[in-house]
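Dear colleague,

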Amino acid sequence: MIKKSTLILLMLFTVNSFSQTATADSPIATSIKNTPSVVVERGPYLQTGTPTSVIVKWRTDTATESVVNYGKELGSLTKNETSKVLTTEHEVALSGLTPNTKYYFNIGNATEVLSESVSGDMYVITAPTPGTDQFVRAWIIGDPGTANAFQRQVRDAYYNYVDTTATNTGKTDMMLFLGDNAYSTGTDEEYQSAFFDIYYEMFKKSVAWSCLGNHDAYSADSATQSGPYYDIFTFPKEAEAGGTPSGTEAYFSFDYANIHVISLDSHHTSRAIGDPMYNWALSDIQNTTQDWIVVLFHHPAYSKGSHDSDIEDRLIEMRENFMPMLEANGVDLVLNGHSHSYERSYFINGHQGLANTFSLEEITNGGNTVGATGKGDGKEDGDGVYQKDSAQPEGAVYITTGSAGHISGGDLNHQAMYISLNKLGSCVMEIEDDGNGGQNMVIKFIRETGEIEDYFTINKTGVTITDDANEPKAEVGAESKKVLYVAGHDLLTITMDRNERLKKVKIYNNIGKLVKKSRKKTIDVSKMPKGMYAIEITTKNGTYIESVTIE
Amino acid sequence: MFYKKGNMQNGIKKALFIVMFSLLSAQVFGHGDLTKRINEKTREISESPKDFRLYYERGLLYQQHIEYTKAQEDYLKSRSLGNTDKALQYRIAEVNYLAGDYNAALKSITSYLEVDGSSDVKAKKLEAQILFELGAYKKSLYAYRYVIDNMRDLRPEDILEYCDIILAENDKNQVAALDAIESGLKLLGPNTLSLQLRKLDLLKNSGQIEKALDQYNYFLLEYDRREFWYYKKAMYLAEINRPKEAIISLKLATGTIDRLDMKFKNMNAILKLKEQIKSLEAQL
Ligand SMILES: [Fe+2]
């Protein structure tokens, strides 16, 4: 045992050295109080962050109550959420929070605070309301779980980056894990050493999301949703954070600001077209109104690293089954791991073939790449950024980034890749205003040395300034256009040629139910609920149906 | 305060452990390449050919590699060397099932469940799946019911599989299948997409036209973007020969597309949908 005086000295030391860049190997808490009888062994960490809620989880060595104290000011955590159930696995949901707001918190039991940060490094910033255009930074970590020095170097390189970067210093809105978070078999013990003991500082201020990797799957069982992976993570099954309810934590989606993130299970769940995960992903992506769509799953659609997407079934199925659908619906960025290297594609669309069939010279069906800059490096100071706009909404970059814990080579010659590196690192995604009413999605690959060895930008126009004149002008029902309605007015007018005579008008609501009949050319719609209607107009000459939005 | 692991001595031990772990990691993490790992196990077996654990482990790798015969050989070898672990018995049943030898699979899972007192949900599920393949639908249903009632975290896939068994047992039994869906919605959340989709299929297949239309309306009202649902509803209306309502639904689809945010209007999925709307309109 260490003497108590030494212990206190050590504590003083750790309080001072405590910051985001601290790289100690063991979790260190920061309060200077009597040693509590209950020890926090894991966490706190944040799950399923939404604009108004977040889940705080932690583990204690003995069963005790769960208390989260929180508030907008560090010195005054006036609110609390409590569960009196005695447990070692604590899970407390904070709700009724204000969007885009920083809440400091600490955790404890009925009698004392068990973990806190006097320097204010334990907090949650609630997600912005969906659709908000603002700066967002996500840290992307693929196949990290080695618990070795490589993993720490990659982590420290990112910590250093985020603490020294010029804009939005210290801000990490989310962590996106790409699976294989704890080798070799994703056991609880391995998760402790390769996950919680490594990223504990970031976990208490940034919400962690993940998709299932094959190594997580050795211990986790998607069929029963049991095992460490499913115990550790609490993901939204009922679209609590936006998106479409999947009914399972194996695959889910969430919104953050104006980004829609879809996490798929490429390991256990059926990857067949028409099966539940496919149907869900299709409905989910076709229901989003967000500006950016990011998809993550473990097994890479394109890779010639330690895994080969030409010959391995999961990789082939994800590419051939899911990618045509996701691309046709506007996916911007695809994040995969599994191969322990960094492989980053050109700005591509509609390929889905074998590595050697990808060609920059291809011209049929629009080619394999998108736009004038799609064949280039995507760098602002190079061949030019990749471009997306309303006339050209397709194109995505695929990144296989599975070297956050180790590298394992491979041929690294996939032709869809602009660059392939057998190097350690993680990625950062930053979405920022482009100053012209659009936004840039900037991705950087940060080596374990801190060097940024690759970067690129996808620019999207018309994000922050959207086309307000969205109500269609004359083009609706171009063949006739007999309904005249001006937004905000009470009256809807039927117009027609002089030689036509109106017989009747029927109005159907947004689910096709008849809600109003009339024989007049001018109809009062002031009492009708806002929304879309179909107007059926019968004249002596025939019947016409048009749609109109009453607002 | 300190975490348990903040103790200094432990810290040193841990550092040593990490160093050793790092040294080992190079071999351990060469994952994914199953063939490589199988070869490695084979080498280990050649060094200690009496170790039943190694045969079991190689069997698992063979199973992942879809080499079921070899997997089975290894499992049986492991058993003959004295492996009495329950997990082995389960794998023997599983690999028989995967290889399509359902009678052998049933025999193994039955003896597994007898030893276990039949409380193992995963094994019960495998038993239900085997019975299903053998055409013993009633027994399969009975086993699957146990799974539904006892599984800690059900997935939508489980409910859908249960529905399949209900309909295999009696293809007229849409009522029971719909009941299963409803109970699934209660367990997994009222808007679980794949269950709501199956509900739609069941209503359509059993000719419950008005309820099926209500189900389309459910999707229309529940979802933010409706253009695809309007089209799907129109297709169904056309199918059941209600052309005017189909046209109304198509007009609403077109109206919705016209009002879509600019960024979606030229997406391939929307361009394709517009073509589909046009061609259906032309048929009506
Ligand atoms: Fe992997």
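Below are my notes on what was found in it, taken one topic at a time.

Please keep in mind throughout that this is a predicted model, and that it scores ipTM 0.88 and pTM 0.87. Chain B averages a pLDDT of 85, with 88% of its residues scoring at least 70. Over residues 1-31 of chain B, however, the pLDDT is below 50, although this stretch still has 57 contacts in the model beyond near neighbours in sequence.

The iron ion is coordinated by Asp180(A) through OD, Asn214(A) through OD1, His298(A) through NE2 and His338(A) through ND1, at 2.1 to 2.2 Å. Along the chain, these donors follow the spacing D-x33-N-x83-H-x39-H. Distant parts of the chain are linked here, since Asp180(A) lies in the loop between β8 (174-177) and α3 (188-203) of chain A, while His298(A), 118 residues apart from it, lies in the loop between β12 (292-296) and α7 (313-328) of chain A. Both Asp180(A) and His298(A) are buried.

Next comes strand β16 (residues 397-401) of chain A, where five of the five residues are buried, so that the strand is largely enclosed by the rest of the structure. Both of its faces are covered, with Val397(A), Ile399(A) and Thr401(A) buried on one side and Tyr398(A) and Thr400(A) buried on the other. Strand β13 (residues 333-336) of chain A runs parallel to β16(A) and is joined to it by four bridges, and Leu333(A) has Val397(A) as its bridge partner. Strand β14 (residues 342-345) of chain A pairs with β16(A) in the antiparallel sense over three bridges, and here Glu343(A) has Thr400(A) as its bridge partner.

Helix α6 (residues 276-285) of chain A is also largely enclosed by the rest of the structure, because eight of its ten residues are buried, among them Met277(A), Tyr278(A) and Trp280(A).

Finally, an unreviewed UniProt entry lists residues 40-132 of chain A as "domain: Fibronectin type-III". Over these residues the chain is 0% helix and 59% strand, and the end C-alpha atoms are 36 Å apart.

With best wishes

Conventions:
Residues are numbered from 1 along each chain as its sequence is written. Chains are lettered from A and ligands numbered from 1 in the order in which they are written. This is a predicted model: local features need pLDDT of at least 70, side-chain atom pairs count only at pLDDT 80 or more; totals for chains, interfaces and linings use all residues. Side-chain values use heavy atoms; hydrogens and water are left out. Donors are N, O and S atoms within 2.8 Å of the metal (3.2 Å for Na, K and Ca); water is not among the atoms, so sites may look incomplete. Helices (H or I, at least four residues) and strands (E, at least two) are DSSP runs, numbered from the N terminus. Buried means under 20% relative accessible area, exposed over 50%, partly exposed in between (1.4 Å probe, protein chains only). UniProt positions are given in the numbering used here, feature names are shortened, and annotations may be inferred rather than shown by experiment. pLDDT is the predictor's confidence in each residue, from 0 to 100. Contact means heavy atoms within 4.5 Å. Two strands pair if DSSP finds at least two bridges between them.
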